[in-house]
Amino acid sequence: MGRQKIYLDKLARFFQIRNMLLRQALAECLGTLILVMFGCGAVAQLVLSGGSHGMFLTVNFAFGFAATLGILVCGQISGGHLNPAVTFALCLLGRERWRKFPMFFLFQTIGAFFGAAVIFGMYYDALWDYPGCFNITGETATAGIFATYPGKHLTIVNGFFDQIIGTAALIVCILAIVDPYNNPIPQGLEAFTVGFVVLVIGLSMGFNSGYAVNPARDLGPRLFTAVAGWGSAVFTARNGWFLVPVFAPFLGAIIGTMIYQMMVGFHVEGEVRDQKENTEEENLQLNVNSNSNSKSNSNGKEANC
């Protein structure tokens, strides 16, 4: 037992990364991998079983719980963003440094890529047994297991607004959850609350295109499908749909941040700021009065002498 502990200590020292940004990026990679692995795994079960092992509701629950688990895995290290749009919003507010954004985006996309790869490997035989196993569109399409694609009724413009609205709703709720001045969530329950938000968005906004609201969650698996057999058509399907879940969420993040700050954030922060300033003024006035009394007492003693 003692020798094993020595070996484990040596391994820990060898693999330890001291660069904080890289450690946080790796944590985001793992957290996003978990999100995509469990979420896309539920979609794979639903599609490949023909509906016998899942339904729309189970997919939404899977993504909600996957978000919770992903945040629990990496939250203490990186904050558990799992989504470049969330990182972008926090950078806009000055709560994260801008140099984190490209690094997190890259590693979140890598994590999503490998999350899709895990599900592809797990359901490889079932995929080959499915009729039209590498179809991108149509009744037997399987590319939608990994990345999002629009419904038949959805236009690019409507899909763009769909992603903006979904991401704005996500950002508003997340900012409320992490806001220490607005009914703060008990420590340790943030991950479960965010998972509940993802579940609600899926249940109410998932019909049009699968509610990506996360550029990394869509781009990473789409890149994987491009190299795993579906080909470059995953980028050209439905008039270049892939650009919508990559770019629209960032605009949604800007709108969601503005809405929350203008309707809630600035006001509660202002109250705290005003209370702090009033307290400082009162303390300053007390110090001035105390100094005045001290001088009066000392002058009185001199006069008596």
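Predicted model: local features only at pLDDT ≥ 70, side-chain atom pairs only at ≥ 80, totals over all residues.
Let me start with Asn 83, which sits in the loop between H3 and H4, where the helix labels come from DSSP runs (H or I, at least four residues, with strands being E runs of at least two), numbered from the N terminus. Residues are numbered from 1 along each chain as its sequence is written, and side-chain values use heavy atoms, with hydrogens and water left out.

Is Asn 83 buried or exposed? With a relative accessible area of 4%, Asn 83 is buried, and by buried I mean under 20% relative accessible area, with exposed meaning over 50% and partly exposed lying in between, using a 1.4 Å probe and protein chains only. If we do not count residues up to four places away in sequence, Asn 83 touches Gln 108, Leu 170, Val 213, Asn 214 and Pro 215, where contact means heavy atoms within 4.5 Å.

In that loop between H3 and H4 we also find Leu 82, which has a positive phi of about 60° although it is not a glycine. Leu 82 is buried, since its relative accessible area is 4%. Asn 239 also has a positive phi of about 60° without being a glycine, but this residue is found in helix H10, residues 233–240, and it counts as exposed because its relative accessibility is 73%.

Let us move on to helix H4, which covers residues 84–92 and contains Thr 87. Thr 87 counts as buried, because its relative accessibility is 0%, and, leaving aside its neighbours within four places in sequence, it is in contact with His 81, Phe 101, Phe 104 and Gln 108.

That brings me to how helices pack, and in general two packed helices are described by the angle between their axes and the distance between the axes. Here, H4 and helix H5, residues 100–122, pack at an angle of about 170°, with their axes 9 Å apart; the axes are lines fitted to C-alpha atoms, for helices over the stretch in contact, and the angles run from 0 to 180 degrees between N-to-C directions. H4 and H5 are therefore roughly antiparallel to each other, a word used for angles over 145 degrees, whereas under 35 is roughly parallel, 65 to 115 is roughly perpendicular and the rest is oblique. The contact is made by Pro 84, Thr 87, Phe 88 and Cys 91 of H4, together with Phe 101, Phe 104, Phe 105 and Gln 108 of H5. These contact residues divide into six nonpolar, two polar and no charged, where Ala, Val, Leu, Ile, Met, Phe, Trp, Tyr, Cys and Pro count as nonpolar, Asp, Glu, Lys and Arg as charged, and the others, Gly among them, as polar.

Now compare another pair, helix H3, residues 56–78, and helix H8, residues 190–205, whose axes come within 8 Å and cross at roughly 155°. That makes H3 roughly antiparallel to H8. Among the residues making this contact are Phe 56, Phe 63 and Ile 71 of H3 and Phe 192, Val 198 and Leu 203 of H8, and the contact residues divide into 13 nonpolar, five polar and no charged.

H8 is also the place of Ser 204, which counts as exposed because its relative accessibility is 53%. Ser 204 and Gly 166 are 38 residues apart in sequence and 9.5 Å apart in space, C-alpha to C-alpha.

Which residues have the most contacts inside the largest nonpolar core? They are Phe 63 and Trp 230, in a core of 60 residues, a core being a set of buried Ala, Val, Leu, Ile, Met, Phe, Trp, Tyr and Cys residues joined through side-chain atoms within 4.5 Å. Helix H2, residues 20–48, gives the most to this core, with ten residues. A second, separate core of five residues includes Leu 154, Ile 164, Val 244 and Ala 248.

I will finish with Gly 252, which lies in helix H11, residues 243–304, and counts as buried at 0% relative accessibility. Not counting residues up to four places away in sequence, Gly 252 touches Ile 164, Thr 167 and Ala 168.
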